[in-house]
Amino acid sequence: MPQELSKAYEPGAIETRWAEYWVKEKLFSVATPPAGETRPVFTLLLPPPNVTGRLHMGHMLNQTQMDIVVRWHRMRGFITLWLPGTDHAGIATQMMVEKQLQSEGKKRRDMGREAFIERVWDWKRHYGGAILDQMKRLGASVDWDREYFTMDENLSHAVREVFVQLYEQGLVYRGNYIVNWCPWHETAISDLEVKHEEVPGKLWEIRYPVIGTNEFITVATTRPETMLGDTAIAVNPKDERYVHLHGKKVLLPLMNREIPIITDELAQPEFGTGAVKVTPAHDPNDFEAGKRHNLPQINVMDGHAHMNENAGRFQGLDRYEARKRVLHDLTEHGFLVGEKDYTLALGKCDRCGTVIEPRLSEQWFIKIKPLAERAIEVVQNGAITIVPENFRQVYLNWMANIHDWCVSRQLWWGHRIPAWTCTACQHVTVAREAPLTCDKCGSMELEQVSDVLDTWFSSGLLPFTTLGWPETTRDLDAFYPNTLMITGFDILFFWLARMIMFGCHFMQGHRQDATIKKASGEANRKDDSVPFRHVYIHALVRDAERQKMSKTKGNVIDPLEIIERFGTDATRFTLAAMAAPGTDIAFNESRTEGYRAFANKIWNAARFMFMNVERIGGGAGAPARELQNMPGIAGFTAITLEDRWILSRFNRVAADVHDALAAYRFHEAANRIYDFFWGEFCDWYLELIKPRLNMQGEAAKAACANLVNLFDAALRLLHPVMPFITEEIWQTMYEGNPPAKSIALMPYPQADVKQFDLGAETEMSILQDLIVSVRNLRAELKVEPKVKVPVEIYAHEPEIRAMIDHNRAALERLANVEKITFVAGSLAKIAGARSTARFDVHIVYERKIDVAAECERLKKELDKIDKGITSGQRQLGNQQFLAKAPANVVENLRKQQQELALLHEKTQSKLKELGCR
RNA sequence: GGGCGGUUAGCUCAGUUGGUUAGAGCGCCUGCCUUACAAGCAGGAGGUCGCAGGUUCGAGUCCUGCACUGCCCA
């Protein structure tokens, strides 16, 4: 391959090519580490996207961050396992296929369970891989050989095992409880799947006649149709208004049932009339109260939220129709006595938006407290660390107030609960495999419970089931606990919390391979049952207006469309650069545009390098892999000031990037690399070495070799964030004979403290100041860009003067200067001179400066200087400050004050000289 | 109702344990097609860090209150 890049940077072409290459070459496949493995291990589980999913920005943010961390670790020599897979997503998938059926005029129930499930599998085989293909476009460096699906046989087997074990341990129970019922999906859903929304509504007041008196008792309700199932009226025992009615009964209007007045804390005297209706079958609080008082539970609705046979003449009506009719009838009979506007928090199904109906039904639950206790402990004792730290408290609070988990769903698609009902005696047998006979009566007439498990039940097991559990495997020894979990806070409770509970419970007593654990830097961790040792919670991606993206709002930004326009690298860089921990990301296209420009910059810098390598030939070429594994840039020979400077700067950026990535400060890492590459390497270093590259012989070869080595290291530094462009350039550099199959398998640059050069950095910054000052003056004097000007420089420190003299070629080139004269006295008084504490510079040019403008500029500058002087003096004159502030702060302030004083003097005299007012 | 976050340049955002004269990108203004790059280069304007107090030698950073705003939980 010739060392040549196309003139234009076109991300689309190179990205798809490398994405395919990485997958085809199985570059990221990880073999099970053998016993005695001494390398560190890094394990990360991909939060499995829904099999029905389409890639959205949230996925992309999540995957970008994971891929950065993963590539970083891999390059640092960790055995890095990133495990991908998809989730069967019970409700979502079932819905998707049902809709498909609907369009064919078919219905799930007409088909029957088996045919329907076969149909879903069909769908999965055809379309289920879409999101994974999209992931490939992102460059996610996962191990595709280990891809899983939550309904795979081995994972399903593990699910049954877990359920049965929990059952045997008494942590599963079944019973009639109030659950959140979605009438659209016709299934129970968990508390987490209900979203509360404040909506304007009404509060109706209904009066119930008290039997044996001519009194009424008035209650308030937002759901009058449920009164049909009332089985009591409750008043607070302390409420004096109702003491005389204790023990009496009321006649339930419309139904003409007698129901008791009970005393219960359920009724709060300060709310409404202080009396409440009690409907145990349709409200969780009423349900509890009903149990306390042994009240009957009358369910008045069916699974579609239509009124059932218990609703008398309202049977068959939809709940809202029933509400209208009930209100109408109540009014007609004089029972409705009030109607007020009221804001209610309406629970809606997270997926379809249908208003949830609290409904009494038979469901399966996990007794969660025992699991939660361990899950609290491992976070409190540091076995799991959560970043950012505030989520630790969110997690602990939630865990402390956790409710039993309803795990049964009235769906067909999912892991069917391994329980069988005996048609003879109704006893339920829970077993790993279909039992032949009933546990209790021995009947052979058994029927499997039709419910399936909540999708999160199986995904909560993934950290260990994907590694082979319930078998004891070498993979578990090596890779469990996973090192890290990166996810959004939106599934903190859904998923993360459950993984921790399940992991700690089922992996109790597990020990990670001690050698690997130590090598991975986790030797001090005591508890190996946790699913992962570190958690990083990232923010949400919002649209440019900070709105949460949603299909209904139509403000969804499609990452693939952004990628199409700007490239994956630029999109990844955007997400990384904006991902400051703890704050949401308002996705802003203009940033991506900017980062595409950055990629373009890199591209062109590479073209420049290749041009020179081609021309200069020989001697150019990156050092061997062994050398690249050493800190700093091993093959770099610091000859000139700019060499020493860039080497020092490179080591600093490498150190900073390491620290930033170690703390999940992706934005810092990205910005640091950006500033280095563009602001230092391209803007200054490349410009400064051009003359050397244009020389003949060894000097050019040496400069070119440095350039290549530095470029190679910079590409490796950038690779985790922008994998594609770095791969493309890197592969091109090695002319088809690279030291590894991919830059992704090369060592990550490490800082070498010995290559820090503070002296070079200081000198360079003075030189930069000088060049900028001259450019400044040129602009101010409106010197034609092509005209070279003579300059006069005064530098009172001899070593600085020498340094400038030594680098006069740089000044001449970069500021378009033709003759440099060092003068003996300060130039500060000269109109149109520029001064810093280290030098004065002046350009010799016949054109006069704009005195008024210069005066204004100088005055502004003087203001700033004086402000600094005043505050500095105040501090330095303060004994408290001198006594309490750290020595280096005082020292720096003193130095700064000296410089400011000098600048003040120079500026002042210039103002005077110009005759400014 | 309880909890958590945000408020910094026209816009989008950085600014980790308090410590020089608060930064970037985009946009804007001026000038350049300078042989890597006009997706670029050079120069420039632009902020009393939401408001009011407090702690401190020193506050964008810590504390209290308020305002606005977003999210989570009930």
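Setting aside neighbours within four places in sequence, Gly 128 is in contact (heavy atoms within 4.5 Å) with Val 51 and Trp 123. This is a predicted model, in which local features need pLDDT of at least 70 and side-chain atom pairs count only at pLDDT 80 or more, while totals for chains, interfaces and linings use all residues. Residues are numbered from 1 along each chain as its sequence is written, and side-chain values use heavy atoms, with hydrogens and water left out.

Gly 128 sits in the loop between helix H5 (113–127) and helix H6 (130–138), helices being DSSP runs of H or I with at least four residues, numbered from the N terminus. With 5% relative accessibility, Gly 128 counts as buried, the cut-off being under 20% relative accessible area with a 1.4 Å probe and protein chains only. Its C-alpha atom is 9.8 Å from that of Phe 149, 21 residues apart along the chain.

As for RNA strand B, 52 residues surround it, and Thr 583, Ala 586, Trp 678, Phe 881 and Lys 884 are the closest; near here means a heavy atom within 4 Å.

Terms used
Chains lettered and ligands numbered in written order. Helix = DSSP H or I, 4+ residues; strand = E, 2+ residues; numbered from the N terminus. Buried < 20%, exposed > 50% of the residue type's maximum accessible area, 1.4 Å probe, protein only.
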